[in-house]
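Colleague: I'd like to learn how to read a pocket and a helix pair. Can you walk me through them?

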Amino acid sequence: MDLSEAETGCPEGGEEEADAIIKTCVLGGFSESSETRTLIGSLPEIHEDDRAGEFAVQKFRVIMDRYQDQPHLLDPHLEWVTNMLLSFIRNENSPPSLFHLSFQFLYVICKVRGYKVFMQLLPHEVSDVHPVLEMISRQDPKDLKTWETRYMLLLWLSMTCLIPFDLSRLDGHLESEGVRIKEPVMERILAVAKTYLLAMGSPRDAAPVLVSKFMTRPDVKQKHLGCFLDWSLTSISQSSGDSMIEIRKLDGVLQSLAKLFKHGKRDDFLQYAPIVLCNLEEKRLSESSEAMLRKIHIKLIQRLGLTFLKPRLAAWRYERGSRSLAANLSVSHTTAALTAAVTPETETREQEEDYDIPEEVEAVIEHLLVGLKDKETVVRWSAAKGIGRVTGRLPKELADDVVGSVLDCFSFQETDNAWHGGCLALAELGRRGLLLPSRLTDVVPLIMKALTYDEKRGACSVGSNVRDAACYVCWSFSRAYDPKELQPFVTQIASALLITAVFDRNINCRRAASAAFQENVGRQGTFPHGIDIVTAADYFAVGMINNCYLNISVFIAGFPEYTKSMVEHLISRKINHWDGAIRLLTTKALHNLTPQAPDYMATTVLPQLLTTAVGVDLHSRHGAILACGEITYALYKVALENNRTVMDLISPECVDALKNIHNLLHERKQYRGFGGALMRPAICSLIEKLSLSKMPFKNDPIITAWQSLIDDTIKNLHLFSSGVKEDFIVSVVTALSALSEEFYQDQENQADTQIQDALISQYLEGLKSPQLLTRCGSARALGCLPRFMIQSKLKQIFGGLEQMCTVSQKEGNFTEARRDSVRSVAQVFLKTGVCPHGSPDSVLCSENVVKVFGFLLCSINDYTTDSRGDIGAWVRKAAMTSLQEITLMVSSSAPEILSPHLVKSMMCCLAQQAAEQNDHYRAHAGNIFLHLLHNTEPVVPHIPHKEELLSIFPVETITSLNWNAPSQAFKYITQLLGLPEYQYHTLLGLSVSVGGITESTAHHSSQSLFAFLNGIQKDIDALTQFTQTLLRIFKNNLQNDRVSVPLLMMLSQMLANNFFEILTTQENHQVCVDLLGLCKELRKSRNVAKIRACIYVYCGLIQFEGDVRKKVLSQLLMLLCHAFPIIRKTTSGEMYEMLLTYNDVADPDVLEDVLNLLSDTQWESDLATVRERRNQLCDWLGVPRPRPITKVTI
């Protein structure tokens, strides 16, 4: 979609957002020009304030960083920005702070645009040499705060070295106060360069640039080049490289030499190259532990090699000709490429090929080949580029020897580093036309191996970088060679790239392979079905590994050219992968690929897998067993579509082998230990798939063996590592379900009573196990049984699940088992169905519907907590889901057995859950509430206040209301407080949210609640009803800290916001009396949070006049002598604020004394001292002194 389409397709109000997204991704220009001008112009005013200066630099850095990907957009503006900053720098009156701040801005620009481009904007006239030299001379190389200044001055000095005049001419004009400067400019610049080459910090990176510009001047190299090289080699030889300081110094010198040999003329440096190479070999930097030194060493070595060789273009190199995509698509392109192979110019160059190659070149190439095997990527990459550059200047025979040496890296005796370096080198050689087509027969097979290179190391593997580099090789080949040259290898390359793009574990490798395939399709035009595949397997599509294995692979396998190669790769490389997730995806992919080649799968792949399934290697065995089941089930589906049986596709030998896998593993005791953690789920998966495939094993002893394995696995789930427990239970349950459905049903579609009794009795007994996972497994097993196994046992199954939940909830343990039991109850009744007058032992009927709903409603109030937090939420979520499923089923088949009381209880409980603080579970409850309310097929009967609910929650709220967002959810849920049937439960849920500790939830829920209270302030009846409901909740949950503490916090907020002001007009209002009485019952609590919440409520209740106020003051004064010091301190602080707020509580004559006593007393000191002060307060406030209760000792 182009930009115009995107804009016109935006809905109203969304156009600005779309424009913002487009501008963020692709910038059209430097839009912050005016802001930047203002910011730079403000530097003279803010430079003295370090904080303001730092903020300005940070702001400028944020502006510039936006253009990291498109720095060229800055080019039209760089000149005026640079001139503004240089005006501050050149001004002699500029203070040092402004001077350094300006250079900080210059460095930010330089970093974004790149020093090579930006330094050209710096003024470099004759008049600039002396000022810049003076500025750099005044800097302290050890000052860590001003390193940007020194870095930029070195670049600036580098540019001034480009003036075309002899530097000695400047010496006669350098005077200072009448005293002639003796040191020439040339010497001073050389001294600066040497100083910063050995300095620490970033300026050392700019010093080599200065050296390369300065030492290559004709006047300087004549006088100082030899001496400088001697100094450099001396510094290298004397450096020990032991400390970080020595390493940094060595790095600076090596960088300067590399720059010199890169930018200097060959004739000037050729005489020094052998000496430098000899010194480097003596230093043996390739053995250094510092990657930085090894990289610059390789870089310098390749520059020396290029110095030894004449700068010429190899006449023998392969030239493809026009590389335009448009030309590639034209028919005449091929002819043009062929006719352009030999020209008179080429013949002339071939005659000039014969010249002597210095002996040192062999040493250079040897160093570069060693660098290809370095352990660091940056070193290998530098060596690969060096190989390409040096080879381009060699004769054809010697270059072919270099290619042969590079190919030696592709040996399985070499490490992954060598393979990676070899791939990079081949890509460089191919890109430069130095890898002749005659070598492709040797190179392509190696690259195919590199595309699947994966070596296991411990618990993981290495080789992703090798595969990525191999994709780069294929990418470079597509641009380097004519289609006819690669035509013999098209099938290999295309298949290998697609396999990597779809099946590689690493996302970078998949995307690299996709890009390489796309490049080949565009450049070569010979890849089969290239356009169709590129469309399906583009950069974004291959980002999701599940999509690659399960969808894209099926599409590609639809083309016969790729089907078998993809299957063979999965069988040989992925079925035994070290990552279990890849093995699992592989088996699913094989299932999806089976319809593409069913005969090949049945006759070739399946027998091969059956052999591996009983092999020695654990991972191979695991993957093969899973794959056998998936392929068998896929073949069953294929046979079913063709009105055949699976036995028509699979040979009898394979059927026997499938049946005997379990027996062989059992005999070898391979279900034990670590291997058992993989084998048991794999065999359970095999059991499931073979059962679904309707294999002819009915009444076969293998069925009993499989059932024994399932039962043993459930019993011993606790023996396996925690990471695979869930997988175990799922695999066992699905296997049991499929096995029962296929093999435990007789010809009359009835269950085998013997097996039925044995299994149900066994799993009911498992619900009493002391092991949590055994209970979970048994509960799920009961839920997965097919309908014919449940009939006539329903009451027994439900009773066992209910009893386990009831007992464990009281004890506060086995929460996960209760969650699974609740799920299983729903599954069991969904399978049996509903019949109003049916038997409670077979169906859900009028006799047991109340009990079932009662069980689920009880589970929806499970608030068990432990060190993991609110784990009861797992049970509540399962109960809500189960209620929805069963309610819809009953409403559809027998709505008459749903009483109004049951529906009311359910909807009220859902409303409570939808008002609580946990976002996830609130959303789950809210969505279920809305779906039950708006469901039309079937309609849920007897929903209380349905019309009012429909007005509060219109049908569009099902999709538009985000229950996870407190700002949206509580605006709706608080409206239920106005409906009498929902008020109690909604307020109960809101109490936990409003008084909770989650700031965002508490804020939005309290806002919505207070908005409701404001709406009923003038309705005394509604307010009284609300307060009565509030007191009822408080009374019912007095000892429940989960509710009582946040409820008290909510009450304190209500009192502080004067929502009960209308009740204060009556002395000793009953609401206040009841609330005070309930709070007094908490005075013996040991919960500090609860007592502190009571203090806040007491201070709010002080606004009520009459005897209540005296009683409240009495309670607060007693708390001033509480056993906990923190309670005494909190009480004093709250009383102080209370007396300031309600100035009629104390007599004005003693108010100041009371406040002073409250604030000055150390209420955390000993009780004897505190009690005296408290008694004084009692006297001033007119409250009887509390009398300590004497404990009678019997």
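This is a predicted model: local features need pLDDT of at least 70, side-chain atom pairs count only at pLDDT 80 or more; totals for chains, interfaces and linings use all residues.

Colleague: Okay, how much space lies in the second largest pocket?

Modeller: About 700 Å³.

Colleague: How many residues line the second largest pocket, and which lie nearest its centre?

Modeller: The lining has 25 residues, and Leu584, His622, Leu626, Pro681 and Asp727 are the ones nearest the centre.

Colleague: Which helices supply at least two residues of that lining?

Modeller: Look at α33 (580-593), α35 (618-641), α37 (673-692) and α39 (725-743). The top contributor is α37, which puts in eight residues.

Colleague: Now the helix pair. At what angle do the axes of α9 and α10 cross?

Modeller: With a helix pair, start from the axes. Those of α9 (residues 126-137) and α10 (residues 147-160) come within 10 Å and cross at roughly 155°. Angles over 145 degrees count as roughly antiparallel, so that is the label for α9 and α10.

Colleague: Is the crossing of α9 and α10 left-handed or right-handed?

Modeller: Left-handed.

Colleague: Which residues meet there?

Modeller: From α9, it's Asp128, Val129, Val132, Leu133, Met135 and Ile136; facing them from α10 are Arg150, Leu153, Leu154, Trp156, Leu157 and Thr160. By class, this contact of α9 with α10 has nine nonpolar residues, one polar and two charged.

Note on methods: Residues are numbered from 1 along each chain as its sequence is written. Side-chain values use heavy atoms; hydrogens and water are left out. On a 1 Å grid over the protein atoms alone, a cavity is a set of points where a 1.4 Å probe fits but cannot get out, and a pocket is an open set with protein on both sides within 12 Å along at least five of seven lines; lining residues have an atom within 4 Å of a point. Grid points are joined across faces, edges and corners, and a volume is the space filled by probe spheres set on the points. Helices (H or I, at least four residues) and strands (E, at least two) are DSSP runs, numbered from the N terminus. Axes are lines fitted to C-alpha atoms, for helices over the stretch in contact, and angles run from 0 to 180 degrees between N-to-C directions. Angles under 35 degrees count as roughly parallel, over 145 as roughly antiparallel, 65 to 115 as roughly perpendicular and the rest as oblique. A crossing is left-handed if the near helix is turned anticlockwise from the far one by less than a right angle, and right-handed if clockwise. Contact means heavy atoms within 4.5 Å. Ala, Val, Leu, Ile, Met, Phe, Trp, Tyr, Cys and Pro count as nonpolar, Asp, Glu, Lys and Arg as charged, and the others, Gly among them, as polar.
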